[in-house]
Amino acid sequence: MFNTAFLLSLLTAVSITCSAKVDNPIKYKISFQEKQNIPWVDSVMAKLTLEEKIAQLFMVAGYSSKSQDNTAQLLQLVNKYHIGGVIFFQGGPKSQVQLTNRLQKSSNVPLLIGMDAEWGPSMRLDSIIRFPRQMMLGALQNDSLVFEMGGEIARQLKRLGVHINFAPVADVNNNPNNPVINTRSFGENRQNTSNKAIAYMLGLQENGILACAKHFPGHGDTDKDSHETLPSVLFEKDRLDSLELYPFRKLFDAGISSVMVGHLMVPSLTHSSTLPTSLSDEVVIDLLQKTLGFKGLIFTDAMNMKGVSNYRKPSRVNALALMAGNDILVYPNEIGESIQKIARYVHRGRIPHEEIEAKCRKVLTAKYFAGLSKYTPIDTTNIINDLNDTKYLVLKRRLCREAITVVRNDYDLIPFQQLDTLSIAYVELDSGMGTPFLGMLNNYASIHHYSLPREATNNQIDSLKRLLQPHNLIVFGYHNLDARPQFNFGIRHEMTDFISETSTQKKVVLCLFGSPYALEKFPLVDLPASIVVGYDNSTEVQEMTAQILFGAIGAKGMLPVSAGINFPGGNGLTTEGGLRLSYVMPEEIGISKVAMAKIDSIANFAILQGATPGCQVYAAVDGKIFLNKGYGKQTYNSNDQNVSSGTVYDVASVTKVVATLPIVMQLFESKKLSITDSLGKFISFPRNNSKKNIYTWQLLTHQGGLKEFLPFHLDYLTAIWPKDKLYSTVPSDSFPLRISSGNYINLYYQLNPTIFSHHNGRDYPNQIAQNIYAIKSLKDSIYKKIDRTLQYKDIQYRYSDHGFIYLQRIIESITKTPLDSLTQTRFYCPLGMRTTMYKPTESISPDSIAPTEYDFLFRKQVVRGFVHDQTAALLGGVAGNAGIFSNANDLGKLLQVFLQNGSYGGKTYFKPETVKFFTSAFSISNRRGLGWDKPETIPGKPSPVGLTVSPSSYGHSGFTGTLVWVDPETKLVFVFLSNRVFPNAENTKLAKMNIRTDMLDVLEEAVKGRK
């Protein structure tokens, strides 16, 4: 029996999901009743000659990519023979629409336009979003997604002026060696195939596109291609009835409007062992129409295919196909001769005149229900944009996400845990084909990338084996597989042997980006610990697969086919999702295009106004990153590198909350540090130095009476004269020193040569800039200078860097470990924050780091990859107040830890109550929390952010033009990074123009306004 509950659920989904639902959904039980009173059909029938009625049964091939001669021939078929329809093949959207308009204008009766658009119009046309093939859809556990896809494909087809989609494929593909159906099928299970075919059909027909089930009576269990020969289906009727015919019966019951008869040899259904099913009245009339009761349109498969064209002369074959019971001949040859031959058959009584009348009336009725009684030309304006609407990509991403299948996961290797214990290598099989996969993997951890060409030699494989030795987790990406079994699905035994051998030595994850049948090509023993099937090599599948590996999303798919004894159909393992941040399009989570356009506008305006040469903007909500984008360039030089999401910035004072504060919080939790501990408990001061009485909470809230800033670096400059003795990096037009009085003096300065050296060595270990190294004792000297600075007598709020330098000293006193090592081992490595670090030039290419400032006075060079803050530089680049470099993506991971009350990636970093304590306002006289800045709640007082954020939100800004902010109420994490101080720090436009806070306001409103 037909699954009524399933159909009702889909029809319910129609009312919810289809915004463009048509008034008259197409259903054959309504459209093709024998007795109908459709005036338009009657009027057209009355005007047609016998030959013209026969011509309505011809659907010829159209190509919008071919020459004008081809177009002229097609127009001749329309003008001379008055053919009934065109099936379009290769071309482009605009050219096809233009050709369609020309053909429709030339035709006396509007043409029925068809396409093979099984995975959307992109199956035939360029420049259009491609939906997944049916086999990937067969892995879905949510059939309503297939219904949605059918609806979206219907909208694309209607925009192109197409009326019928020759889909869905209803063949049950239970033969891995099928060369032509294969991945075009929903799979080997008859019920799964039926359910998804019905869902696809309903999506099309509820949105005004005729659907067509193919290839009747079932083309799945063959190993021949009917394009090249006549395939055999050598099974008895009982088997055919229970398997091959099953999905067709279900589709007929559900109301599909048409069916396509394949060119197959099925001896159990015909008296002839050579007659194709498309030419057999026993199949088309007796079985399809009488036994199964199908009354919709019946199409032949393409009549130029060798499975039928080798049988007889084209005109004779075309006549036989109509005599067998088909209504429309697809891609016929010898149009004129065929029409005349069929007319002669009618006159001689071999074909009853009533049959031609009935078939023509069915065709016209289909045209009526397709809207052709009121035909209007198709507008070509913005057609490419319309066919690539964001909603189509949103759906495609969801289809891919829910179809990807984990078929093996020994040791629960997926999702990856304890990143700090893993050395991950990604081996790209087929060089250059895994770029999206690598890019997404790198978003989560440090990935060592290796690549082999498709035809790699044994020497190349052996060399790679040696390179993989240091790594303990190997991810093989087998890309760009071939869908054809006759080419072994693109699998080479050299590669499978390599993967199997590696699996005996290390933990291996194999990601197959292609047909699941390829699984059978791997040895039964020494299989990889984890195997993921991605079904194709699209960008979306690659990116989603990487997210599954890291637990950002969970795997849900089930194999739609069996691939040997190890991988039976219907199997698939679910894996944990939500473990780490995922990457989505804004529209996937209800963020509008308007909001994103505003962010773009604000960023571009800031760059245009010279507020910053470029910037990086990141936003995540509910653990989903919907914005991670670079704008502008690294400098104002138009030839410099563009800012990307991977560009690394000096985050300046954001260091306080992403380096020093997290360690303080952990020490607080472990009771090794209390907020009421005094400085004197950890640092020795002279007896009369009152700083020893400053409490930890005062350091965190900037209420310790410490000086705001002192330019210690000026103490290490020496005046020189004349110019020829200038420090080697000073330009000839060296800038004069500006003193506090505002006067200028024409003295030139160099770094004190007793304190600094051009060369690294035991005595000069700390690099402060390119080719500049500081003496080992300088760090202690700076500490002493800070200790000796005067202290304000009151404890009102005064922002000071010195408090966090003291916190660094406390941390290192307690742990006996440098701050940079602590941040890496406790946070950055476990979180996969591969770009977040002190002293980045030791690990990162300078080209990927945005230059911070042209330091004309102190270091006399462009500072790139070395901390901008002069005091932090003098301390060796590692300081509690500044020194961290990062991209926005990696900072977002740590901020997500705070948003999620201390946990991320399966690991707990803080207790929820600790996060709450440190992120809350600490006193009524100071808006700040412990370390964090917060919104000002007193009207009229300056606030670091706008009014849209919640009072519970928190964050921090940095001198170089950075801001991070977390809002627990909206679940929003915002990161803005820039180098606004390039080329010099006098540029304050970024703050005056409220660039960062305006962006935050836009994002807050967008998140609150989600639907």
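The side chains of Ser950 and Ser952 are joined by a polar contact of 3.1 Å; such a contact is a pair of N or O atoms within 3.5 Å, where within protein one must be able to donate a hydrogen and the other to accept it, and residues adjacent in sequence count only if both atoms are side-chain atoms. This is a predicted model, in which local features need pLDDT of at least 70, side-chain atom pairs count only at pLDDT 80 or more, and totals for chains, interfaces and linings use all residues. Residues are numbered from 1 along each chain as its sequence is written, and side-chain values use heavy atoms, with hydrogens and water left out.

**Around Ser950**

- Ser950 sits in the loop that runs between helix H31 (912-919) and strand S32 (954-958); helices (H or I, at least four residues) and strands (E, at least two) are DSSP runs, numbered from the N terminus.
- With a relative accessible area of 5%, Ser950 is buried, a word that means under 20% relative accessible area, while exposed means over 50% and partly exposed lies in between (1.4 Å probe, protein chains only).
- Not counting residues up to four places away in sequence, Ser950 touches Pro935, Asp967, Pro968 and Glu969, where contact means heavy atoms within 4.5 Å.

**The chain as a whole**

- The protein chain has 33 helices and 34 strands, and its C-alpha trace spans about 125 × 60 × 55 Å along its principal axes.
- Of its 1011 residues, 60% count as buried.
- Among contacts between residues at least 6 apart in sequence, 73% join residues at least 24 apart.

- Look for Arg397 in helix H18 (residues 390-403), where Arg397 is buried with a relative accessible area of 8%.

**Ala774 in its strand**

- Ala774 belongs to strand S25 (residues 772-774) and is buried, at a relative accessible area of 1%.
- Leaving aside neighbours within four places in sequence, Ala774 is in contact with Ile755, Phe756, Asp763, Tyr764, Pro765, Asn766 and Ile768.
- Glu588 is 186 residues from Ala774 along the chain, and their C-alpha atoms are separated by 51 Å.

**Pro267 in a loop**

- Pro267 lies in the loop between strand S6 (258-261) and helix H12 (281-291).
- Pro267 counts as partly exposed because its relative accessibility is 33%.
- Val233, Leu234 and Ser272 are touched by Pro267, not counting residues up to four places away in sequence.
- Pro267 and Ala483 are 216 residues apart in sequence, and from C-alpha to C-alpha they are 29 Å apart in space.

- Helix H14 (residues 314-323) is largely enclosed by the rest of the structure, because 7 of its 10 residues are buried.
- Those buried residues of H14 are Ser315, Val317, Asn318, Ala319, Leu320, Ala321 and Leu322.
- Their cover includes strands S1 (58-62), S7 (297-300) and S8 (329-330), along with helices H13 (306-309), H15 (335-347) and H16 (353-369).
- Just after H14 comes Gly325, with a positive phi of about 120°.

**The second largest pocket**

- The second largest pocket has a volume of about 920 Å³, a volume being the space filled by probe spheres set on grid points that are joined across faces, edges and corners.
- A pocket is found on a 1 Å grid over the protein atoms alone, as an open set of points where a 1.4 Å probe fits, with protein on both sides within 12 Å along at least five of seven lines; lining residues have an atom within 4 Å of a point.
- Its lining has 46 residues, and Met123, Arg133, Val180, Thr183 and Arg184 lie nearest the centre.
- Helix H7 (134-138) and strand S5 (210-216) each supply at least two of the lining residues.
- By class, the lining has 22 nonpolar, 12 polar and 12 charged residues; Ala, Val, Leu, Ile, Met, Phe, Trp, Tyr, Cys and Pro count as nonpolar, Asp, Glu, Lys and Arg as charged, and the others, Gly among them, as polar.

**Cysteines**

- The structure holds 0 disulfides, a disulfide being a pair of cysteine sulfur atoms within 2.5 Å.
- Cys212 is in no disulfide, and the nearest cysteine sulfur, that of Cys360, is 19 Å away.
- Cys212 is buried, with a relative accessible area of 0%, and Cys360 is buried, with a relative accessible area of 0%.
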